[in-house]
Amino acid sequence: MLSSTNRKALAASAAACDNPAMLNIASLVFGAVALVLAVFAFIPLLGWANWVIVPIAVVGLALGAMSNSTSGRNLNIVVIVIGVIRLMLGGGII
């Protein structure tokens, strides 16, 4: 017979199976926020903002890699590539 502690642990592990879908949604949110910020970073003298945007997209990429779907992962890869290219064009500062 299962004790109450074991029942709670079993219920928690069963609920954890729904997390991959939520991870993709979180990845899409991180990617969308990073993409909107990346648009503003294309304004001259705001290229330094990519130093903040790229790590946000990397976190979104990590979440997308843990999910079942690839849409969040792909969005974050695009944002990272855009941010890195913008940093290279501006010399890392401009």
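This is a predicted model: local features need pLDDT of at least 70, side-chain atom pairs count only at pLDDT 80 or more; totals for chains, interfaces and linings use all residues.
Visitor: Which residues form the nonpolar patch on the surface?

Guide: Look for Val-36, Phe-40, Ile-43, Leu-46, Trp-48 and Trp-51. Together they have about 640 Å² of accessible area.

Visitor: Let's take Trp-51. Is it buried or exposed?

Guide: Trp-51 counts as exposed because its relative accessible area is 55%, and the cut-off for exposed is over 50%. You'll find Trp-51 in helix α3, which covers residues 50-66.

Visitor: Stepping back, how many helices and strands are there?

Guide: There are four helices and zero strands. Along the sequence, that reads as α-α-α-α.

Visitor: Now the inside. What percentage of the residues are buried?

Guide: Buried residues account for 28% of the 94 in the protein.

Visitor: Which residues make up the largest nonpolar core?

Guide: That core has nine residues: Ala-34, Ala-38, Ala-41, Ala-49, Ile-53, Val-54, Ala-57, Val-79 and Ile-80. Helices α2 (19-41), α3 and α4 (71-89) each supply at least two residues of this core.

Visitor: What does Ile-53 touch, leaving aside its neighbours within four places in sequence?

Guide: With those left aside, Ile-53 is in contact with Ala-34, Leu-37, Ala-38, Ala-41 and Val-79.

Visitor: Which residues of α3 are buried?

Guide: They are Asn-50, Ile-53, Val-54, Ala-57, Gly-60, Leu-63 and Gly-64. These buried residues pack against α2 and α4.

Visitor: How far apart are the end C-alpha atoms of α3, and what span should we expect?

Guide: The ends are 24 Å apart. At 1.5 Å a residue, the 17 residues should span 24 Å, so the two values agree.

Visitor: One more: is Arg-86 buried or exposed?

Guide: Arg-86 is buried, because its relative accessible area is 9% and buried means under 20%. The residue sits in helix α4.

Visitor: What surrounds Arg-86, again leaving aside neighbours within four places in sequence?

Guide: Arg-86 is in contact with Ala-41, Phe-42, Ile-43, Pro-44, Gly-47, Asn-50 and Ile-94, once those neighbours are left aside.

Technical notes: Residues are numbered from 1 along each chain as its sequence is written. Side-chain values use heavy atoms; hydrogens and water are left out. Buried means under 20% relative accessible area, exposed over 50%, partly exposed in between (1.4 Å probe, protein chains only). Patches are made of residues with over 30% relative accessible area and no salt bridge: like charges are joined within 9 Å, nonpolar side chains (Val, Leu, Ile, Met, Phe, Trp, Tyr) within 5 Å. Accessible areas come from the Shrake-Rupley method with a 1.4 Å probe; for residues, only the protein chains shown count as cover. A salt bridge is a side-chain nitrogen of Lys or Arg within 4 Å of a carboxyl oxygen of Asp or Glu. A nonpolar core is a set of buried Ala, Val, Leu, Ile, Met, Phe, Trp, Tyr and Cys residues joined through side-chain atoms within 4.5 Å. Contact means heavy atoms within 4.5 Å. The expected span of a helix is 1.5 Å times one less than its number of residues.
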